[in-house]
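Here is a short briefing on one protein structure. Keep the model open as you read.

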Protein chains: 2
Amino acid sequence: MKPSRRPTAHDVAALAGVSQSAVSRAFTPGASISRRARLLVQQAAETLGYRPNLIARSLITRRSGTIGIAIGYMDNQFYPAMLDAMCAGFAAAGYRVLLFTPGPGGDPDPILDEVLRYQVEAVVLASARLTSHFAEQCSQARVPVVLFNRRTERATVSSITGRNREGAAEIARFLIDGGHLRFAYVAGLEDSSTSRDRERGFVDTLRQAGLTPATRVVGHYDFALAREAARTLFSAPSPPDAIFCANDHTAFAVMQTAQAEFGLRVGTDISVVGFDDVPLAAWPAFDLTTYAQPIRPMAERVVAATLAHLADPLCPPIQEQVDGSLIVRGSARLPPRRHS
Amino acid sequence: MKPSRRPTAHDVAALAGVSQSAVSRAFTPGASISRRARLLVQQAAETLGYRPNLIARSLITRRSGTIGIAIGYMDNQFYPAMLDAMCAGFAAAGYRVLLFTPGPGGDPDPILDEVLRYQVEAVVLASARLTSHFAEQCSQARVPVVLFNRRTERATVSSITGRNREGAAEIARFLIDGGHLRFAYVAGLEDSSTSRDRERGFVDTLRQAGLTPATRVVGHYDFALAREAARTLFSAPSPPDAIFCANDHTAFAVMQTAQAEFGLRVGTDISVVGFDDVPLAAWPAFDLTTYAQPIRPMAERVVAATLAHLADPLCPPIQEQVDGSLIVRGSARLPPRRHS
DNA sequence: CACGCATTTGCATACGAATGCAAGGGTCCG
DNA sequence: CGGACCCTTGCATTCGTATGCAAATGCGTG
């Protein structure tokens, strides 16, 4: 009772006294097979411990049933949470997820090759580092690409993002209403569309209000570098009193540096606002005012967009912005109450 | 210039004027092929945008080159970090990673079936929920299983863990030396070997020192539930002054609840210690004393153990404990200095 | 009982690449 | 110049499953 190899459909067929075709059909929902035959096959499969080989199936159906997800920034809680949600979404749709984590210094190209060789049916990109060139190659190989939380200039590839401009603008208005005067923006990566869009929304709103332009530092979406940026900010002759950060992760770095190294009380002396509303933001230690990018809906949209491309290869690029909302907590001074 | 299908080795062969075998050999390092032929093939492949179909290759080599990783608890920073590291490790070894995230309420069985059908060559389990039954089935299907951060009673399946008993014992001694008197343990899940081992190490050390046994509450590795547990703890008539938590994530919940809801100063009024040393633990806001489970080395050991099983199917179960070390920060009162 | 129709079944082939085998080509030596 | 030997090459087969097609079966009706 110790087969040297894994049992195949042929083995099952022999035991059940049917043909290999019957075994195949027994495992294909909706295939033409009698109840009796299906039962025979199921029993034989049970005793042999047979499981259909999805590799072989993929070869013949020309569908791997696999989605590639390239994701970086695993230290920013937003991404693991999204990964989790997307994974669940794809699983529910009958797809498996092949994970690629391009290391910080890593060259994206070998990864790209891996992804495409593996016949993934689509790729979800959630890593700023390898966006444009990567997306290019994929679409050239006829593999749909969905960018998550980033976009390219050319509207040629699908993307799901939050309302970065609008969210940042809302934050700017909130801070303006709060009576702040000296604004700062802590950028993410220079070549990140997300960081740029948020900056644009923030800066434009300040300008329209006729206020002093925001100081600008760069945190590179990295905790240590964001702390460095914060030090620059607070060491300046006239430090800011309202700091908008490219994302929550950056905001955590900034607010802790303000407290620990400059003795500033966040929410009183200065206001810090983030973007994402990761679970951490709600923790008492942070109580971060931020703009929520809802994980679940965004994951759903990513999955839906991907499936749309798979259903119709000619489907034009889908570019969606998922609604968010300002989450007011204690890290930023509140505007005075208008009524009552 | 718009091929309806992806180019195959045959297409490349035709263009290069060689046989399909030659194409295959051109992409197989160390295969018997002349420099000239390899170049011809490479050029043809380039112009056609050909990439070897790994699915087809897997079928014939009987090696999918894929490792399944089932991971839960993505809200605990420890797991995303490990996932990242393991992914990199497997990628470096030429393997791809198929990710499975069993939802909290999800039934593990369908996932298991998926994993095995997909011909993963091995499975890494980092989710307490589906440990024993799952591992059983996998080894029955001759798929090596490596448990990460958990183990089973029977020594039949490989596992990589930290030194839970020893680490917890060291923490106990540290807290005893710090002059604490009323100890508490915030457990993770009841059926988690990791939580049990840590509790054992902690409790045994207290007993050996002749101290009052630790109060015990259960946080289920969940932030909200851990906060609930902390409330129970601090509302007691004689609340503890030294709290050891099953992991850092739990410790964060406990220390924030202590501060925000009970006005306790962590590190002064009470001491809180965690286990894992996730990046968050070093943040100024937490400054958590904890026992480090080093991500990189652990990931390396997981990869190494997995590869060992793949290299030799008869390889006996590998059960390793990776050394850790106590990281003293500010969340727990220090023992008095002995010397100088 | 014969017939038509619907359902089930097996046969044979296909998916795309890897590989054992034998044939082809080249080199080197006697 | 012949032969031994090594390096290349193509042919044919193989992996495990899905599926078109035709044969076979079952069922209901006239």
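Domain bounds here come from an automatic or database domain assignment. The model is predicted. On that basis, the C-alpha centres of domain 1 and domain 2 of chain A lie 36 Å apart.

**Domains**
- Chain A splits into domain 1 (9-52), domain 2 (63-162 + 295-323) and domain 3 (164-294).
- Domain 2 is written as two stretches, 63-162 and 295-323.

**A helix pair**
- Helix H10 of chain A covers residues 223-235, and helix H11 of chain A covers residues 248-262.
- Their axes come within 8 Å and cross at roughly 50°.
- That angle makes H10(A) oblique to H11(A).
- The crossing of H10(A) past H11(A) is right-handed.
- On the H10(A) side, the contact uses Phe223(A), Ala226(A), Arg227(A), Ala230(A), Arg231(A), Phe234(A) and Ser235(A).
- On the H11(A) side, the contact residues include His249(A), Phe252(A), Val254(A), Gln256(A), Glu261(A) and Phe262(A).
- The residues of this contact between H10(A) and H11(A) divide into 9 nonpolar, 5 polar and 3 charged.

**Aromatic pairs**
- Over all chains, a search of the whole structure finds 35 aromatic pairs.
- One of them joins Tyr185(A) and Phe202(A).
- The ring centres of Tyr185(A) and Phe202(A) are 6.3 Å apart, with 35° between the planes, and the pair counts as tilted.
- Tyr185(A) sits in strand S6 (residues 183-187) of chain A, while Phe202(A) sits in helix H9 (residues 193-208) of chain A.
- The pair links distant parts of the chain, 17 residues apart.

Terms used: Residues numbered from 1 in each chain as written. Chains lettered and ligands numbered in written order. Predicted model: local features only at pLDDT ≥ 70, side-chain atom pairs only at ≥ 80, totals over all residues. Heavy atoms only, no water. Axes fitted to C-alpha atoms, helices over the stretch in contact; angles between N-to-C directions. Helix = DSSP H or I, 4+ residues; strand = E, 2+ residues; numbered from the N terminus. Parallel < 35°, antiparallel > 145°, perpendicular 65-115°, else oblique. Left-handed = near helix turned anticlockwise from the far one by under 90°. Contact = heavy atoms within 4.5 Å. Nonpolar A, V, L, I, M, F, W, Y, C, P; charged D, E, K, R; others polar. Phe/Tyr/Trp six-rings, centres within 6.5 Å; stacked < 30°, edge-to-face > 60°.
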